[in-house]
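Keep the structure open as you read.

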Amino acid sequence: MRLKTYTATAPRIYGAPKAHKKGLPLRPVVACMTSPTYELSKYVGSIIQSSIKSNYNVLDSFSFCEYINNVQLPPDYVLVSLDVVSLFTCIPRELVVQNVIMRWDEIKENTNINLDLFLEMTEFCINCSYFQFKGQSYQQVFGTAMGNPLSPIIADLVMETLLDSVTKKIKFPIPVIKKYVDDLMLAIPKGEIETVRNEFNQYHEKIQFTVEVEQDGKLPYLDLLVRKPDQSIKTEWYAKPIASGRFLNYLSAHSMTLKMNVAKNLIKRVTTFSTNVDEAAAKKIVHKQLRQNDYPKPLINRLINRHRENPPTTAPPTDAENSKQFRSIVNIGTLTRKIQRTLRVDYPEVVICPQQRKTVKSIIPGVKDNNYTTGSPPDVTPTSADTSVARSTGQVPSLPRPPSAQRPGRPEPSARVCAEFLEKALTFGRAQPAIHPARFDSVCNQPAIVVDSRVSCGCRPAACDNPAAASSAVVCDSVSLRGNEVAFRGSQHERHPK
C-alpha cells in the first residue's frame, strides 16, 4: 500500500444538508482525499476493521430483514431506535486509544506493528485533522472529521465497546439489539425506555443518544418499516416522507442495461422486504414507483413475472464469474449494444460495460472548489484585474478560476446554467444581477443580464463595460474580473428591439 504522498494539499470543508431534518441543518464534511494522512488513515483503518468481530452489526437491509422476520418478542416488549447525536465529531480521542489497547490481542493478529507504534500512528491520523475555509486554516480539536477514512472504523470500534459495557449493566434481557453505524434498534420492556436511555447516555458525557419509540406497532429502520402486530415481527418496504420517488428515468440517455438493473433492484427490494403485505400490494408499490419514472407498464409486468419465476439467489459467485474481466466503452445508443454482442461471442470472459460520459460534473466543472494550487479557495469577486477565464468557444465556467487551475478539454457549462449560477454567485457577493426579457438575434438567442445598468448577452453571464451595450450586444472573446464587476470584450452584433 502506498503511504507516501507528494501532491497533498489542505482539505476543504463543506456542508451537506440534512434534508430529512427540520431547519435543514448542515453536516460538516471535510474532503480528506488530498490530505497528507489520507493513505495512512486508510491503512490504519483496514487493520482495525479486520479485527472487529461484531455481534451487533447489520451488513445491509437484506440481512436485517432475514434476521428480524424470525424474531418473536416477549410480552410487553417494544421496539425502540437509539441514534447518536453527531457521532464522528463527538468521539473522544482518549476513548479511541483505550479501545485500541483493550482490543490489542485481536488487532495484533492483522499486523506486525507493535502497540506503541500503532498507537502513535492512530493518534497522528486523528490529531492531524485540519482543513481550510475561505482561505483560513483550522484544526479540529475534538472528535474526528467526517470524510476521514479512519472515522467510521474507530466509531464502530467505540460503539462495539459501548454496547458491550452498557448491556452488561442492564438487568433485563434484550432479545433484539442491532447496529448500523450509529443507529441502534433494541427490543426492551415498555416501562424501561428511560432506564435504557440513561444507561447509554451515562457511558460518556460526549456521546449522547436520542430515542424513537414505535408508533402503533411500527418503527422505521434503514429502508424497512418494522411492524409488530402480535409480538411477531414483520417488515415492509419503506421510503422516508421526503423521498422524491425519483429513480433513473426510462427516457434518459443511459444504457438499457442500467435502466433494467434499476427496475430489477427495486422489484427485489420491495418483494423481499414486504413480508407483511400480499403480492398484489407489493406489485402496486412497484408499479407506482416505476411509472413515476416513465417505465412502460408492459416492461414492469414482464420484469415482475421474471422475478417471480426466477428469483435472484445469494449463492457465492463461481470460479468462472470471478475470472471475468470488466472493460468500459462510451455509451452511444445502439452502436454500443452491437459492439457488446459482437465481443461477447469472441471474448466471453470479458464483460463490456457502457460508460456515460455526459455527467453533471462534466457539464458544470466549477461548482466545487478545485483551486488547490493557490492555497485558498477562489472568491466570487476577486480583486485581481483582467483575469481571463473564457475560452474560444465563447462559454465561461460557473465560477472564475485562475489560468493555473484551467483544465483544457473539459466541457463548459451550458449558457442557461452559467447565467443562473452567476446570478446566485453575484447575489452572494455585492452585485445584484437581474434577468431581463430582452432577446438577441440568432447568433446567441439568450436573455439579457443587467448588472449595474450594464447589459450583457445571456450566453455570457457578465456585465458589459462597453458604452455601446445599450443599443447592441456583444459576442465575447474573453472575460475579466475587475473588483466587484465582470467585464467582457469582443465584437458587436445588432440587438433585436424589446
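Helices (H or I, at least four residues) and strands (E, at least two) are DSSP runs, numbered from the N terminus. This is a predicted model: local features need pLDDT of at least 70, side-chain atom pairs count only at pLDDT 80 or more, and totals for chains, interfaces and linings use all residues. Residues are numbered from 1 along each chain as its sequence is written, and side-chain values use heavy atoms, without hydrogens and water.

**The pocket**
- A pocket is an open set of points on a 1 Å grid over the protein atoms alone, where a 1.4 Å probe fits, with protein on both sides within 12 Å along at least five of seven lines; lining residues have an atom within 4 Å of a point.
- The second largest pocket holds about 1000 Å³ of space, a volume filled by probe spheres set on the points.
- It has 29 lining residues, and His20, Lys21, Asp83, Asp183 and Lys240 are the closest to its centre.
- β2 (26–31), β3 (77–84), β8 (209–213) and β9 each supply at least two residues of this lining.

- Strands pair if DSSP finds at least two bridges between them.
- Three strands form an open antiparallel sheet, in the order β9-β10-β11.
- β9 (218–221) and β11 (234–237) are the edge strands, each pairing on one side only.
- Four bridges join β10 (residues 224–227) to β11.
- Leu224 stands opposite Trp237 in β11.

**The parallel pair**
- β12 (residues 325–330) and β13 (residues 350–355) pair in the parallel sense over six bridges.
- Arg327 has Ile352 in β13 as its bridge partner.
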